[in-house]
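Hi everyone, thanks for coming. Let me put today's structure up on the screen.

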Amino acid sequence: MFRTLSFSVDYYNISLKDAIGYVTSPIALNQCFNFGGLNPTYDPNNFYCKLIARDSAGVLGTIQEPLFNLGAYKTAGIDFQANAAIDIGRLGTLSLDSSVTYVLDYKIQNLATEPFKDYAGTIGNTQIDGFSETHPAWKHVTSATVGGTDGSLSLRWRYTGKQSNSANVGNTTGTAAGVPAVSYFDLTGRIRANDKFELRAGITNLTDKQPPEFAGPASTSTSAYDIIGRRFFIGLTARY
């Protein structure tokens, strides 16, 4: 068993100054109304308050979301990778493969005069990437495969850890809902009929797991969660 075992651990620590990013609407509102403790006097000339415009009746109109050089980004984490294969006789080989990521820090400094805020383990912040708002502390993909040259069956487990709502970062009284941990399971099989033909079939999202919502109905992260649901596929490979 140990002759076919491999294991690796990688640590990363990245710091970027004058990083380009967005000041999003929720960030502007929170900071203007002192949720982060950066505008205790509620000064309308505060940087974030100037991004907010109201109509003649005083009703909230628009909020600018400028793209410009923020203070800095800092992120650190650990990546694990493990592979093993065990001979199980007539059934062939049992192969195990797992890739795990643990995010230690995901810190953003909006302005050079402000403190860093850590968004590791949160959902909702899109300052760095407008299409990626999930920053789970734990995430992994683990697969188990049984079989040999004539056929195999594989089960894959995709896991995304629970996340709190990024709107609560820096706000000690914040109560915005986060999302629970989510697991997806995929099943794939193949049969080799002969030297020329091989049949493949499978089910993605075996349990039809629905995506979590974190900011009201139909509010989910399409870049991180499966919004389609259970689906099937079949394929044939022919060699001539």
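I'll start with the overall chain and then turn to some aromatic rings.

Just so you know, this is a predicted model, where local features need pLDDT of at least 70 and side-chain atom pairs count only at pLDDT 80 or more, while totals for chains, interfaces and linings use all residues. Residues are numbered from 1 along each chain as its sequence is written, and side-chain values use heavy atoms, leaving out hydrogens and water.

So, the chain has 16 strands and one helix; those are DSSP runs, with H or I over at least four residues for helices and E over at least two for strands, numbered from the N terminus. Its C-alpha atoms fill a box of roughly 75 × 40 × 35 Å along the principal axes. Of the 240 residues, 33% count as buried, meaning under 20% relative accessible area, with exposed being over 50% and partly exposed in between, using a 1.4 Å probe and protein chains only.

Now the rings. There are four aromatic pairs: Phe, Tyr or Trp rings (for Trp, the six-membered one) with centres within 6.5 Å, called stacked under 30 degrees between planes, edge-to-face over 60, and tilted for the rest. One of them is W157 with Y159, edge-to-face, at 6.1 Å centre to centre and 75° between the planes. W157 also pairs with F185, this time stacked, at 6.0 Å and 20°. W157 sits in strand β12 (residues 151–160) and F185 in strand β14 (residues 182–192), so this pair ties together parts 28 residues apart in sequence.
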